[in-house]
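Colleague: Could you take me through this one piece by piece? I'll jump between topics as they come to mind.

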Amino acid sequence: MKKISVLGSTGSIGTQTLDIVAQYPDQFQVVGLAAGNNVELLSAQVHQFRPQIVAICNTAHVSALKEALSSLDYSPIIVAGEAGVVEVAAYGDAESVVTGIVGCAGLLPTIAAIKAGKDIALANKETLIAGGPVVLPLIEKHGVKLLPADSEHSAIFQCLQGVPEKGLRKIILTASGGAFRDLPVEKLSSVTVQDALKHPNWSMGRKITIDSATLMNKGLEVIEAHYLFGVDYDAIDIVIHPQSIIHSLIELQDTSVLAQLGWPDMRLPLLYALSWPERIYTDWETLDLVKVGSLTFREPDHDKYPCMQLAYAVGRAGGAMPAVLNAANEQAVALFLAEKIGFLDIPRLIEMVCDRFTTQNTSTPTLDDIIAADGWARAEVLRAYEMTQIKGPVVSVL
């Protein structure tokens, strides 16, 4: 019985993690749950999984949560705010913490969990992208495991099992291509939010679905792969794979290529991150290659997806630059989702902000440096937005 806590329990990652717990109650036990705003769903989760501690990040909802939990026959600890989420991350005898919080908001809770000796099932790529220079030394210092729980990095991790040290030559990340993979680049100027949210393969949250449409998700995954697997940026490639059956590949020194395949289902990487090094039998639909029919690949269009090249450049710059990229992307995506800017304004705003930060970058940022860079980038996106005189009021996600 592995004891776990789930950060972002009411989001896509969190709910799928708890689906796994419900299916395998003899394998996993929930110690803590943390959510943002969804009192109704969080309350239902508490009633079902009976955690010892519960956090609601939005402090305005504490009373509503307490009322919703008043009928329980036990008394879980109820905490609130960002400090409450951090408390859940570090609490009790949970062995593993699933980090399903969207964006850089997951950084401080993840650090708290590491310092408390918890293994991390990393479903929040932004935490490592922004905080890699701080997080990786803490992982080593506290002797905990950092296990990827997103499909691409889980695929790489699975393929690496049994590969000898220095046997890896190249990482190949597969990308679905997002909502606009078959749309001509000249039509992107007129796409809407609803258009961008129509992902052809995966069911994900709104922010990551937009990242998939811009292919910023893949650029961020390149940076994450660099930190997770210690691979140089020149040895990380991206290929468009519309079927999303091959979740990523590795090339070995002798040119052998290993791939991990499966239906597009986030439960599989989540289960592996929680159960590693074991393999738990599931009754999920098995992959039928005849049903799949064909697997196709094509090179990404860099004119169509400028965010990819921007991410490579930022990754090579290092320091706090990835934190700036990540924060600028979060703020620009929030503006787009609020219908304040157009789809093509997302990379424009991000690039403006990254260009302005170049002279401020340091090679060995502290946690305070990263947090400051994150806040600066969000504010700078709003300033850049105003300078470009894009119509509509600004919506900050600071």
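Colleague: Where does Y91 lie?

Modeller: Y91 lies in the loop between α4 (81–90) and β5 (96–99), where helices (H or I, at least four residues) and strands (E, at least two) are DSSP runs numbered from the N terminus. Please bear in mind that this is a predicted model, in which local features need pLDDT of at least 70 and side-chain atom pairs count only at pLDDT 80 or more, while totals for chains, interfaces and linings use all residues. Residues are numbered from 1 along each chain as its sequence is written, and side-chain values use heavy atoms, with hydrogens and water left out.

Colleague: Is Y91 buried, exposed or partly exposed, and what is Y91 in contact with?

Modeller: Y91 has a relative accessible area of 23%, so it counts as partly exposed; buried means under 20% relative accessible area, exposed over 50%, and partly exposed in between, with a 1.4 Å probe and protein chains only. Leaving aside neighbours within four places in sequence, Y91 is in contact (heavy atoms within 4.5 Å) with V31, Q52, I53, I77 and K118.

Colleague: What does UniProt list for residues 4–132?

Modeller: The UniProt record, an unreviewed entry, lists residues 4–132 as "domain: 1-deoxy-D-xylulose 5-phosphate reductoisomerase N-terminal"; the positions are given in the numbering used here, feature names are shortened, and annotations may be inferred rather than shown by experiment. In the model, that span is 44% helix and 22% strand, and its end C-alpha atoms lie 23 Å apart.

Colleague: Switching to α14, how far does that helix reach?

Modeller: Helix α14 (residues 321–337) has 17 residues and reaches 24 Å from its first C-alpha to its last, which is close to the 24 Å expected at 1.5 Å a residue, the expected span being 1.5 Å times one less than the number of residues. Since 17 of the 17 residues of α14 are buried, the helix is largely enclosed by the rest of the structure. α14 is followed by E339, whose phi is positive, near 60 degrees.

Colleague: And which residue forms a salt bridge with E330?

Modeller: E330 forms a salt bridge (a side-chain nitrogen of Lys or Arg within 4 Å of a carboxyl oxygen of Asp or Glu) with R378, and the closest N and O atoms are 2.8 Å apart. That pair links distant parts of the chain, as E330 is in helix α14 and R378 in helix α16 (residues 367–387), 48 residues apart. Both E330 and R378 are buried.

Colleague: How many salt bridges does the structure hold, and which others can you describe?

Modeller: The structure holds 18 salt bridges. Among them is the one between E380 and R383, whose closest N and O atoms are 2.5 Å apart; both residues lie in helix α16, three residues apart, about one turn of the helix. An α-helix has 3.6 residues a turn, so residues three or four places apart point the same way. E380 counts as buried at 9% relative accessibility, whereas R383 counts as partly exposed at 39%. The side chains of K291 and E285 also meet in a salt bridge, 3.1 Å from N to O, with K291 exposed at 55% relative accessible area and E285 exposed at 52%. A network of salt bridges links K125, E152, K218 and E221.
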